[in-house]
Amino acid sequence: MIIRQAPDIRPSEITPEADFRGRREFLRRAGVAGMGLLAGSGCAADDKPADPGELRRLDVASGSPFSTDEAPNSLEDIMSYCNFYEFGLDKRDPAKLSGDFQPRPWSVTVDGEAEVTGTFDLDDFIGPHPIEERVYRLRCVEAWSMVVPWNGIPLGDVLKRFKPTSRAKYVAFETVVRPEEMPGQRRGVLDFPYVEGLTMAEAMHPLTILAVGVYGVTLPNQNGAPIRLVVPWKYGFKSIKSIVRISFTEKEPPTTWNLAAPREYGFYANVNPEVDHPRWSQASERRVGTGFFGDRQPTVLFNGYGEQVASLYDGLDLRKFF
Amino acid sequence: MPTTRQVRFVLKPFVFAACAAPLVYIALRIAGIGPSLGPNPVEVLQDEFGEWALRMLLATLAITPLRVALGKPWPLRFRRMLGLFAFTYAALHFANYLVLDQQFDWPIIVEDILDRPFITVGFTALLILLPLAVTSTQGWQRRLGARWGRLHRVVYVAAILACWHFWWQVKKDITEPAIYAAILGVLLGIRVWRELKKGPGRPTAGGETMAQDSH
């Protein structure tokens, strides 16, 4: 991966003009010159949001036919409305409390049922793969959604380099544990490290990516810097952030929300309007960033990616394996 | 002890302003003044109105213990106002759900209310508060007489349901609902303790207070 050091963020040719203006407004209000107060989040002076000035330009090689043409949310929306319990429970917490997090240097350990294993520096891990833009719908299990222009690489392309053996049936992922930099981990609401998993077929699917950026810049801390999973047909909590370990396993790996509330969160967690959360309906979703009268829209099976992924679940009872 | 004039012209307006302040603050934020409501303002309104309803409800239930602790009747003069604010915030909480969140999608709303226990419980609490708000006037107090006190004791049920509603709604961290539930436990516990201490054959707590409040 080539990351060009830039003194500041300049207009990105891949960013629609309206969103670019949104970002510039965001940067202005956030105070790139070190003021560092997140726009409108009303945080106290001791809050330390990620300094957008530290986000670096990414060289994004291409777009993708998998991208939606729906209007993406602004970078401000994406950076200020996050579920990342490692930094706090409130959706504003990750923006406010992730300033101490150090996403560089970074390494990822690959282990388990593969011929090539070891610990790799992030740049080597990303390796030779060109970074694509993937504009994906993101559907949270809490019945809200966004559209995010991720920058990343297909997970399958990366995994193949490690030559998984025939015993590799699943891929397990693990988030970094740094309670000193991640205040939410000090509270221990979830059993950290956060862990997630996919079947091999899900992991190898071309829609599944490892994202290293958004809107043409490196991932902000609150969005899972420096590298995260994005599986657009599953609820957002499957898309594990700040990954430090990837393991090929023979058995279905444990996943954090399933461990926390097995009745409410399954291993598959495919977006499915027919299978309600025990406590709320999944039939529709609120598209955030659309204001007070913004659309509540019907939720679509597999988050609208059914054409690509439905065949992965042929013969599987989606109600039982939710 | 404050005089009637002080209560009416100083303390009551002050408490009214304090109770209305969260609403004014939210209204200002909607108008773009003050901290932004963020990318999902409907969710912020939902949480804010709900939490203020619960706080006001607990404040209402704190009046009787306060009156007993002070040995003075004057705190009772604020109870109706607090109760009506509790109802107002609860009604806004529901209206926000109905209008902005679900946008009058009746099949979903009916399913929510019937099939989702946390919403069933919250909606029931609101239904209980409704007749209490309607009969909070002095005219209704006179008309209902002793029955008024008995009727208004269902506020205890509403408060329990409201706490339960909050508890069931959170995804994982129950710290906040547990704090509200603990406060409610204390406020109700005081009442139970007084009843037990009083022994049988004496007038009950809810009824006895109103005589002092109604003039």
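## Helix α2 of chain B

In this predicted model, helix α2 of chain B covers residues 41–61. The expected span is 1.5 Å times one less than the number of residues.

Is α2(B) largely enclosed or largely open? Of its 21 residues, 16 are buried, so the helix is largely enclosed by the rest of the structure. A residue is called buried here if 20 or more other C-beta atoms lie within 10 Å of its own.

## Where chain B touches chain A

Helix α2(B) also takes part in the contact between the chains. In total, 18 residues of chain B are in contact with 24 residues of chain A. On the side of chain B that touches chain A, the elements giving two or more residues are α2 and α5 (106–115) of chain B. Of these, α5(B) gives the most, with three residues.

## A five-stranded sheet in chain A

Chain A holds an open sheet of five strands, in the order β2-β1-β10-β5-β6, with mixed pairing. Strands β2 (118–121) and β6 (195–199) of chain A are the edge strands, each pairing on one side only. From one strand to the next, the twist averages 20 degrees. Strands of a sheet pair through backbone hydrogen bonds, either parallel or antiparallel.

Within this sheet, strand β1 (residues 107–112) of chain A and β2(A) run antiparallel and are joined by four bridges. Which residue of β2(A) is the bridge partner of T109(A)? The partner is T119(A).

## Strand β7 and its partners

Strand β7 of chain A, residues 209–214, is mostly covered, with six of its six residues buried. Strand β4 (residues 144–154) of chain A runs antiparallel to β7(A), and five bridges join them. Here G152(A) stands opposite A211(A).

A211(A) also has a bridge partner in β9(A), namely R228(A). The strands β7(A) and β9 (residues 228–230) of chain A run antiparallel and are joined by three bridges.

A further antiparallel partner of β7(A) is strand β8 (residues 217–218) of chain A, joined to it by two bridges. V214(A) stands opposite V217(A) in β8(A). The hairpin of β7(A) and β8(A) has two residues between the strands, and in it Y215(A) takes a positive phi near 55 degrees.

Note on methods. Residues are numbered from 1 along each chain as its sequence is written. Chains are lettered from A and ligands numbered from 1 in the order in which they are written. This is a predicted model: local features need pLDDT of at least 70, side-chain atom pairs count only at pLDDT 80 or more; totals for chains, interfaces and linings use all residues. Two strands pair if DSSP finds at least two bridges between them. Axes are lines fitted to C-alpha atoms, for helices over the stretch in contact, and angles run from 0 to 180 degrees between N-to-C directions. A residue is buried if 20 or more other C-beta atoms lie within 10 Å of its own, exposed if 12 or fewer, and partly exposed in between; C-beta atoms are placed from the backbone. Two residues are in contact if their C-beta atoms, placed from the backbone, lie within 7 Å.
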